[in-house]
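Hi everyone, thanks for making the time. Let me put the sequence and the structure up on the screen, and then we can walk through a few spots together.

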Amino acid sequence: MKFLICYFSGTGNTKKIVDKYKEELELKKVEVDTKKIEEELNFDINEYDVLMIAYPVHAFNAPSIVLDFAKKLSKTEKQKRLIIIKTSGEPLALNNISSQKLVKILKKKNYILTNEYHYVMPYNIIFRHSDNMAYKMWNTAQNVIPIDCKEILKNKENKLKKVFMGNVLLWLFQIEHWGGRFNGKRYKVNEKCIKCQKCVRNCPTNNIKIENGEFKFGKNCLMCMRCSFLCPTNSIKIGLFEKWKVNGEYNFDNYNENEEQNHKKYCKKSYNKYFKRCEDKIKKDKEVI
Ligand SMILES: Cc1cc2nc3c(=O)[nH]c(=O)nc-3n(C[C@H](O)[C@H](O)[C@H](O)COP(=O)(O)O)c2cc1C
């Protein structure tokens, strides 16, 4: 059995999840290739039994780079199993609609959705989760992924709940489509910049250039936040969304008992429900063993 995981990850959360999937599937003797969607993609899909696509939810949608990848993907000779993995900053069911368009595009090419999984990871925009919350989210995902892999390998289907009026909502929230053209060009670099050019090198669409010593942001921004999130001097202003900017990588590895949780009340019920659902799944899996 050979799996291909094609993924896009703006700031690393989705990549962490993909790496865990690869590790877990390989432990179960499955061959796994991973490919970054932003790179030149040269592969023969007919060599694989299963296609997995992983992405971060952007305004309840899949990032446009992921949809463009799906449009370019060749039709398969035989029906192929499709598995979708998404990460998002909050556990709202509305995030479920993000894969609707992707599934539709791929169905026409013979890729049939059998399993879909959603992992909550810390926000890279809106507000900074505490490192404790990041630790808890990552720890939860690490414990749940082995169970989800077992389900996949047993050919047991798993689909996320449909959302009422999903298509209309999807259309309304296409933030990236105008965001790239309109907001992306409004990005600015301030005087703290040390011209390390990490943002230039890292941008998935090569949208950042330096011309005559000045940073120029083009119209192909994906709003993935990689440039501003990873900027070592927090020098990039992200236009209309500046107040929601999050800068600096999370510490996923240490639990700090003294750290205060940010925005304690924000979507509290949904987060609690998500963690409870995951705990129940882990407990049930242990009982079966
Ligand atoms: C432009 C943008 C829009 C986002 N929209 C949503 C959203 O609608 N729902 C949500 O829960 N998280 C949203 N997020 C948060 C990301 O989905 C989340 O932090 C994700 O894990 C980031 O993954 P990455 O590090 O692989 O890019 C958004 C992030 C960005 C940058």
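Before I point at anything, one term: a residue is buried when its relative accessible area is under 20%, exposed when it is over 50%, and partly exposed in between, using a 1.4 Å probe and protein chains only. Helices (H or I, at least four residues) and strands (E, at least two) are DSSP runs, numbered from the N terminus.

Please keep in mind that this is a predicted model, where local features need pLDDT of at least 70, side-chain atom pairs count only at pLDDT 80 or more, and totals for chains, interfaces and linings use all residues. Residues are numbered from 1 along each chain as its sequence is written, and side-chain values use heavy atoms, with hydrogens and water left out.

Let's begin with helix α3, residues 100-107. Which residues of α3 are buried? They are Leu102, Val103, Ile105 and Leu106. Looking down the axis of α3, these buried residues fall within an arc of 165°, so they line one face of the helix; the arc is that of the directions from the helix axis to the C-beta atoms. On the face turned away from that buried side, α3 carries the exposed residues Lys104 and Lys107.

Now to charge pairs. Side chains of opposite charge can pair when their charged atoms come close. A salt bridge here is a side-chain nitrogen of Lys or Arg within 4 Å of a carboxyl oxygen of Asp or Glu, and the structure holds 16 of these salt bridges.

One of them joins glutamate 116 to lysine 86, with the closest N and O atoms 2.8 Å apart. This pair links distant parts of the chain, 30 residues apart: glutamate 116 sits in strand β5 (residues 111-120) and lysine 86 in strand β4 (residues 80-88). Are the two partners buried or exposed? Glutamate 116 is buried at 5% relative accessible area, and lysine 86 is buried at 0%.

Another salt bridge pairs glutamate 23 with lysine 20, at 3.4 Å between the closest N and O atoms. Both lie in helix α1 (residues 13-27), three residues apart, about one turn of the helix. Lysine 20 counts as buried at 10% relative accessibility, whereas glutamate 23 is partly exposed at 45%.

Last stop, backbone angles. Most residues other than glycine have a negative phi. Lysine 195, though, has a positive phi near 55°, and lysine 195 is found in the loop between β6 (188-189) and α7 (198-202). Cysteine 267 also has a positive phi, about 50°.
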